[in-house]
Amino acid sequence: MADTQGPPALPILTEISKLDVQIALLSAQKKKLIGDVAARKQVVDGHAAKSAVRAKVLVDKQTLCAKEEKSVKHERDRINERRAALNTLNNYKLQQAAEREIDYVAKQIGQREDLLLGLMREIEVIQKEVADADAVIRGLSDELTAFEKEASETIQGIDAQLQTLQAERTSQAAGLAGQRCLVDYNRIKDRFPSNPIVEVLNRDSCAGCFMKLGPQVIVQVSRGDVVKCPGCSRILRLAAE
Ligand SMILES: [Zn+2]
C-alpha cells in the first residue's frame, strides 16, 4: 500500500480530506437551500390552487345570481303588468281568479327573491374568503421572492467557494495522480464524507469505529504509511499534537 515514489501520500490525502469535508458541508448547505426554496414554492402553489378553486366557485355563483336576478326581475315586471291590467277585466269572477293566480305567482317570486338574497350573502362570504386568501398568497409570494433572492445569493457564494475548493483539490490530487491510495481514498470518502481520515485514539484505537488497532498498524501509521483501519476502512493518521 505504501507508495515508493513521489511525495509522502498521507499529508496530501489529509489535505484533500480537509477540502472534501468542506466541499461536502457546502454542498449539503446548497442542497438544503434549494430544497427549502422548493418547499416554500410548493406551499404558495398549494394556496394558489385552493384559492383558484374558490374563485371559480365564486364566478359560477355570480353568473347564476346575475341570471336569476334578471329572471326574477322579469317575472316581477310581468306580474306588475298583469296586476295593472286587472281593472280592465269587467267580470268579477274572472277578476278574482286572475287575482288569486297573480298572488300565487307573486308568492313564488318572493320565494325566489329570498333564495336570491341567500345566494348574494353567500357570494359576499366567498368574495371575502377569496380576498383574504389572495392577501395571504401575496404575503407568502413576497416572502418567497425575498427568500429566493437571499438563497440565490448564498448559493452563488457557495458555488464560488466550491469552485475554489475544487480547484485546490484538483491541484492536490495531481500530486497523487494514478496512485492506488487516491483511488482507495475516493472510495472511502464516498462512504464517510464527513471523516474519511481519522486519528488514532490513545495510540491504540480508531477514532472512527473505536476498534483496537494492532501494534503493526500503529507502527505503519507512525511511519507515515497510508493504512486503512481493519474495522471501518477509514485511513488512519496520528493525532495532531
Ligand atoms: Zn475504524
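In the predicted model, arginine 83 is partly exposed, because its relative accessibility of 36% falls between the limits of 20% for buried and 50% for exposed residues. Its side chain meets that of aspartate 103 in a salt bridge, with 3.5 Å from N to O. This pair connects distant parts of the chain, since arginine 83 belongs to helix H1 and aspartate 103 to helix H2, 20 residues apart. Aspartate 103 is likewise partly exposed, at 41% relative accessible area.

The structure contains 20 salt bridges. One of them joins glutamate 122 to lysine 61, whose closest N and O atoms lie 2.9 Å apart. Here too distant parts of the chain are linked, with glutamate 122 in helix H2 and lysine 61 in helix H1, 61 residues apart. Within helix H1 (residues 9–85), aspartate 36 and lysine 32 are about one helical turn apart, because four residues separate them; they form a salt bridge with a closest N to O distance of 2.9 Å. Aspartate 36 is partly exposed at 27%, whereas lysine 32 is exposed at 54%.

Arginine 169, in helix H2 (residues 92–174), is buried, with a relative accessible area of 12%. Beyond its neighbours within four places in sequence, its contacts include Ile16, Asp20, Tyr185 and Lys189.

A zinc ion is coordinated at 2.3 Å by the SG atoms of Cys206, Cys209, Cys229 and Cys232. These donor residues follow the spacing C-x2-C-x19-C-x2-C in sequence. The arrangement is tetrahedral because the four donor atoms subtend angles of 102 to 114° around the ion. Cysteine 206 is buried at 0% relative accessibility, and cysteine 232 is buried at 7%.

Notes: Residues are numbered from 1 along each chain as its sequence is written. This is a predicted model: local features need pLDDT of at least 70, side-chain atom pairs count only at pLDDT 80 or more; totals for chains, interfaces and linings use all residues. Side-chain values use heavy atoms; hydrogens and water are left out. Donors are N, O and S atoms within 2.8 Å of the metal (3.2 Å for Na, K and Ca); water is not among the atoms, so sites may look incomplete. Four donors count as tetrahedral if all angles lie between 85 and 135 degrees; four count as square planar and six as octahedral if opposite donors are over 155 degrees apart and all others between 65 and 115; anything else is irregular. Buried means under 20% relative accessible area, exposed over 50%, partly exposed in between (1.4 Å probe, protein chains only). Helices (H or I, at least four residues) and strands (E, at least two) are DSSP runs, numbered from the N terminus. Contact means heavy atoms within 4.5 Å. A salt bridge is a side-chain nitrogen of Lys or Arg within 4 Å of a carboxyl oxygen of Asp or Glu.
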